[in-house]
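Colleague: I have not seen this structure before. Could you show me how to read it?

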Amino acid sequence: TIHRIEMPVANIDLFDWLYAQSDPTKIYWSGRDHEFTLAGIGLAKAFKSENETDFSKLFSDVKNTLRNSSPKIKFYGGFKFDPQQPPASEWDIFANAAFFVPKYEIFKTQTETRFVYNFELSGSERETIQSFEKSFENLNFGKSANADEICCYTSREDIPKWDQWEQ
């Protein structure tokens, strides 16, 4: 069960926020129309599959987690496009399929910006609060001094036509 706390925050540049974070697990997602964008760090929950053909356990795990979690929880991830080809080294950690929920998110819509904390209860409520306080202290909400020096990031956009999907 994943719980979710969210609150409105001032508008913030999502790339600057990601760059300023020390957590190595980072995600950026934007819809095609850019009406919803999200930056996330850390892992509240993760599932991955090394199996190249049978993803039923992965789907079952994700479905069961969503069924028992806060209604706004979203998993991000996907599948390797060609199971016959080895992935580029920067994608190795995703195996053949991976889906995860970031621990912290900042998302933007056309009307608001919100900060989110996704978590599973572990131990007592006191231990959960202490865990939150400890990890929250490591977040940086100021603009990083080097944020303007971002040299590169990995990106991919696929918008195939129908005949390409049929291949």
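Predicted model: local features only at pLDDT ≥ 70, side-chain atom pairs only at ≥ 80, totals over all residues.

Colleague: How many helices and strands does the chain have?

Modeller: Helices (H or I, at least four residues) and strands (E, at least two) are DSSP runs, numbered from the N terminus. The chain has four helices and eight strands. From the N terminus on, their order is β-α-β-β-β-α-β-β-β-β-α-α.

Colleague: What percentage of the residues of the chain count as buried?

Modeller: Buried means under 20% relative accessible area, exposed over 50%, and partly exposed in between, with a 1.4 Å probe and protein chains only. Of the 167 residues here, 34% count as buried.

Colleague: Which residues of helix H2 are buried?

Modeller: First the general idea. An α-helix has 3.6 residues a turn, so residues three or four places apart point the same way. In H2 the buried residues are Leu58, Asp61, Val62 and Thr65. Seen down the axis of H2, they fall within an arc of 95 degrees (taken from the directions from the helix axis to the C-beta atoms), so they line one face of the helix. On the other side of H2, Lys63 and Arg67 are exposed.

Colleague: What covers the buried residues of H2?

Modeller: The cover includes strand E4 (45-49), strand E5 (76-79) and strand E6 (97-101).

Colleague: Which residues form the largest nonpolar core?

Modeller: A nonpolar core is a set of buried Ala, Val, Leu, Ile, Met, Phe, Trp, Tyr and Cys residues joined through side-chain atoms within 4.5 Å. The largest one has 12 residues: Ile12, Leu14, Trp17, Leu18, Ala39, Ile41, Tyr104, Ile106, Phe115, Tyr117, Phe119 and Leu139. Helix H1 (14-20), strand E3 (37-41), strand E7 (104-108) and strand E8 (113-119) each supply at least two residues of this core. A second, separate core of 11 residues includes Ile2, Phe47, Val62 and Val101.

Colleague: Where is Ile41 placed, and why does Ile41 count as buried?

Modeller: Ile41 lies in strand E3, and counts as buried because its relative accessibility is 2%. Contact means heavy atoms within 4.5 Å. Leaving aside neighbours within four places in sequence, Ile41 is in contact with residues including Trp17, Leu18, Tyr104 and Leu139. The C-alpha atoms of Ile41 and Lys103 are separated by 6.1 Å, although these residues are 62 apart along the chain.

How values were computed: Residues numbered from 1 in each chain as written. Heavy atoms only, no water.
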